[in-house]
Amino acid sequence: MTMDTMRTIEPTADELAEGRRLRRKKQATNLAIDVFLLIVSIMMLLPLVFLVANAFKTPAEMLSWPPTIIPRDPTIANFSAVLGETPLLRWIGNSIAFAVLSTIAIVATSAIAGYVFGKFRFRTMNILFALFLATAIVPFEVYMIPLYFQAKSLGILNSLWGLLLGYLVMSFGIFLVRQNVIHSIPDELLEAARIDGAGEFWIFFRIVLPLLRGALGALAVLAFFQAWTAFAWPMIVATTRSSYTIEVGLALFQTGFTVDLGRLSAASATVLIPSILLFVLLRRNFVQGVASTGLKE
């Protein structure tokens, strides 16, 4: 290689300066994005921080300005009042039982229906699947009153079974499982099991369900929080104080003229514990299940 060829390969001073300028521009852009995301994250977490802080504040400190993030004189009087004067633990227990049973029902029905819609080819399957998806665009409030009369006729008002009546099936859960079945479970694997003499129930429980573990974990989180945060349906089905869920119980801290902010904050902070624990335990399955649905595009 001649000296002239080497000189033509080496970058010029202008090219080096342009490369440094582009790198600095890229670094500045990345830094600006990081700062923006950090500010948005702080803004999203700030209400939660104030909620927990208010639970330990006195009434005078909650009304002071500017507001304090760390209580100057922490107190547990709000927690003592909430636990002593209201059946908060009973409400939390009702919500946990309602959410857990609803989650089990939704995961079971979604797994079965999603597998059938994804792997069984019949003429009417697409029509039935379209009907299931169509129910997702119908607000729950549209058929809530007829469902209430059905629960009343069955005699299950003010009971756990009455709460579950409206939260046994999730159309989005069927769609989620169906997408995972189509993209994650090859037909050749199922055909090989059938050739070896495996029945459909054995295939479903021994092959399909283990491969859907991530999607079902994500669905379980969604179903749990759907039931955990339900308000309208429990409010009309559960009319006795002992049968309230936590969302209905929290509404009691607000009247037409005042809001007991200290006790409401203490009760809300207590309610956060089961939600956070569930998400921490299932966060990996939740992320994996959502990422593998085919919806990320």
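So, helix 10 (residues 187–195) and helix 11 (residues 200–211): their axes come within 10 Å and cross at roughly 145 degrees. Axes here are lines fitted to C-alpha atoms over the stretch in contact, with angles running from 0 to 180 degrees between N-to-C directions. Helices are DSSP runs (H or I, at least four residues), numbered from the N terminus.

Who makes the contact, meaning heavy atoms within 4.5 Å? From helix 10 we've got Leu 189, Leu 190, Ala 193 and Arg 194, and from helix 11 Glu 200, Ile 203, Ile 207, Val 208 and Leu 211.

Quick caveat: this is a predicted model, where local features need pLDDT of at least 70, side-chain atom pairs count only at pLDDT 80 or more, and totals for chains, interfaces and linings use all residues. Residues are numbered from 1 along each chain as its sequence is written, and side-chain values use heavy atoms, leaving out hydrogens and water.

Back to Arg 194: this residue forms a salt bridge with Glu 191, closest N and O atoms 3.2 Å apart. That term means a side-chain nitrogen of Lys or Arg within 4 Å of a carboxyl oxygen of Asp or Glu. Both residues sit in helix 10, 3 residues apart, about one turn. By this rule, the count is 1 salt bridge.

Definitions and conventions. Helices (H or I, at least four residues) and strands (E, at least two) are DSSP runs, numbered from the N terminus. Contact means heavy atoms within 4.5 Å.
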